[in-house]
Amino acid sequence: MATPVGRIEKEFLFKVLFEEKVPIKYIKDRTEYILKVEDKVTDELVLRPDRPIGKLKPRSKMALIFNYRGQSVDFSSEVRMLKEDLIYCRAPEVLHKNLDRNYLRVDIPSDIKVLFTFRGDRYNLSFPKVPEYENVGTNDLFSRDDPRKLSDLIKQITGSLKNYADGYKIVNFKDKKPETLDEKLISETGKSIFIPLTRGTLPMTDPYPKKRIITEEVFKRYLESTGVGKTFHNDRCARFIKNKFDEGIYSDAWVPILFHEYVIGYIHVWIDKQGRLPFDFSVLDNLYQFARVLAFSLKENGYFETGKIQNEPFEGRILDISASGLLFAYPLGNSLLSTLLVDSELTVTIEAPRRTINVIARIVRHFKDKSTGYFGCRFVNMAPEDTRFLFEHLYGRQIDDRDSAFLSGQV
């Protein structure tokens with residue numbers, strides 16, 4: 001995965017680019033240009049291209065890539081002025097290395113049009129909202145039963161909970177808004193409170209690839225967001241755990257019920273009898289399965305239908321594109337923006353003169369400035385013939401053995 005280069009390494013690479021004249025690659029309108037750094041890099045980057053670059057003008061963004069000792073590094077820079085065959089750019093703030101692609105994203109050709117449509121249904125609901133997206137689909141658990149029989153399903157789940165918990169509660173935030181600290185924690189983070197032993201501490205680490213647990217660090221960030229000073233964080237963490245023990249709870253878990261970007265409720269289980277085994281990660285895994293089944297069953301029962309939004313294509317401003325993904329921008333303030341979340345999927349239609357490509361794209365990163373949201377997307381399972389066509393259309397040459405990573409889905 002691409003990672004930012006540290007300050008010292010960045011200064012070293014700038015020095016190398018100038019002194020060793022390492023070639024920098026830039027692709028525009030299916031033409032590849034080679035540039036070299038003409039002067040020491042300060043707050044300005046001076047580049048000399050191997051030939052004139054058409055249609056380049058001040059304020060243009062340039063996506064650039066170079067290779068140093070077998071490692072590809074990329075960055076973006078804004079053109080300040082063009083003078084005497086030189087390009088004067090702002091020095092980039094960030095360089096990225098450990099790239100998972102072999103070729104640079106390029107400016108989108110003028111003969112390509114891109115349309116986006118949300119994949120699946122979209123909703124506008126009056127539940128707490130989190131900045132992540134949870135796919136809700138069928139599940140192997142209880143698969144033999146009709147998910148529309150919600151009351152029977154809840155009986156099965158609560159029966160299972162009794163196997164390892166002394167008490168349980170399933171709460172719907174439609175009937176009860178978050179009030180307690182525990183409820184506010186899970187509704188604002190979308191993560192679980194998991195305390196195997198209330199004589200201990202909050203978890204220090206989260207073993208799940210997609211982070212699920214409110215660790216001590218997450219808890220402290222929440223405290224800071226509510227105005228609690230850092231000097232009080234350790235005391236508040238300790239009191240949070242101690243209060244549970246004082247209430248007679250020895251093991252505790254709260255798991256949010258997630259539907260798309262909404263926290264619609266939670267499952268709370270606890271142990272209040274001594275001698276019983278404390279909760280472990282297998283219990284947490286089961287609770288996640290139960291929460292997913294509940295959300296899916298509610299959807300199948302039409303519980304969210306009144307909040308469904310009409311799904312229509314929309315256009316984003318394409319900043320750059322490659323054979324494996326693209327980056328687009330969308331203005332802040334538009335209601336659509338709140339549903340463009342990391343891990344949500346879009347159907348992308350790429351219209352080119354000789355071919356139209358329909359492909360799924362997953363949002364893998366999101367950042368914003370004062371006026372605009374930016375979304376990096378990765379194409380998912382694009383057909384090899386579509387990848388080949390897009391590659392050749394973007395880079396102006398046929399794909400060859402060096403580019404096999406594109407066809408094997410490694411970029």
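Colleague: Exposed means over 50% relative accessible area, and buried means under 20%. With that settled, is Lys 55 buried or exposed?

Modeller: Lys 55 has a relative accessibility of 67%, over the 50% cut-off, and therefore counts as exposed. Keep in mind that this is a predicted model.

Colleague: Where is Lys 55 placed?

Modeller: Lys 55 is in a loop, the one that runs between strand S4 (44–49) and strand S5 (61–68).

Colleague: And which residues is Lys 55 in contact with, apart from its neighbours within four places in sequence?

Modeller: Those are Lys 28 and Asp 29. Asp 29 is 26 residues away from Lys 55 along the chain, while their C-alpha atoms are 9.6 Å apart.

Colleague: OK, another one. Is Glu 134 buried or exposed?

Modeller: Glu 134 is buried, because its relative accessibility of 19% falls under the 20% limit. Glu 134 belongs to strand S11, which covers residues 129–134.

Colleague: What does the side chain of Glu 134 make a polar contact with?

Modeller: With the side chain of Arg 292, at 2.7 Å. Arg 292 is also one of the residues that Glu 134 touches beyond four places in sequence; the others are Lys 210, Leu 258, Phe 259 and His 260.

Colleague: Let's step back. How many helices and strands are in the chain?

Modeller: The chain has eight helices and 20 strands. Its C-alpha atoms fill a box of roughly 80 × 50 × 40 Å along the principal axes.

Colleague: How many of the residues are buried?

Modeller: Of the 411 residues, 47% are buried. As for contacts with a separation of 6 or more, 64% join residues 24 or more positions apart.

Colleague: Now the helices. At what angle do H2 and H6 pack?

Modeller: Helix H2 (residues 150–161) packs against helix H6 (residues 281–300) at about 170°, and the axes are 11 Å apart. An angle over 145 degrees counts as roughly antiparallel, which is why H2 is described that way relative to H6.

Colleague: Which classes of residue make up that contact of H2 with H6?

Modeller: There are ten nonpolar residues, two polar ones and no charged ones. On the H2 side the residues are Leu 150, Leu 153, Ile 154, Ile 157, Ser 160 and Leu 161. They meet Leu 287, Phe 290, Val 293, Leu 294, Ser 297 and Leu 298 in H6.

Colleague: And H3 with H4, at what angle do their axes cross?

Modeller: At roughly 100°, with the axes of H3 (residues 181–189) and H4 (residues 216–225) coming within 11 Å. That lies in the 65 to 115 degree range, so the two helices are roughly perpendicular.

Colleague: Which residues meet there?

Modeller: From H3, Leu 181, Lys 184, Leu 185, Glu 188 and Thr 189; from H4, Val 218, Phe 219 and Tyr 222. By class, the contact between H3 and H4 has five nonpolar, one polar and two charged residues.

Colleague: Last topic, confidence. What is the average pLDDT?

Modeller: The average is 87, and 92% of the residues reach at least 70. Confidence is highest in strand S13 (residues 193–195), at 97, and lowest in helix H8 (residues 404–407), at a mean of 49.

Colleague: Where is the pLDDT under 50?

Modeller: Residues 405–411 are one such stretch, and the model gives them 20 contacts beyond four places in sequence. Residues 140–144 are also below 50, with eight contacts beyond near neighbours in sequence.

Definitions and conventions
Residues numbered from 1 in each chain as written. Heavy atoms only, no water. Helix = DSSP H or I, 4+ residues; strand = E, 2+ residues; numbered from the N terminus. Buried < 20%, exposed > 50% of the residue type's maximum accessible area, 1.4 Å probe, protein only. Polar contact = N/O pair within 3.5 Å; in protein donor to acceptor, adjacent residues only side chain to side chain. Contact = heavy atoms within 4.5 Å. Axes fitted to C-alpha atoms, helices over the stretch in contact; angles between N-to-C directions. Parallel < 35°, antiparallel > 145°, perpendicular 65-115°, else oblique. Nonpolar A, V, L, I, M, F, W, Y, C, P; charged D, E, K, R; others polar. pLDDT = per-residue confidence, 0-100.
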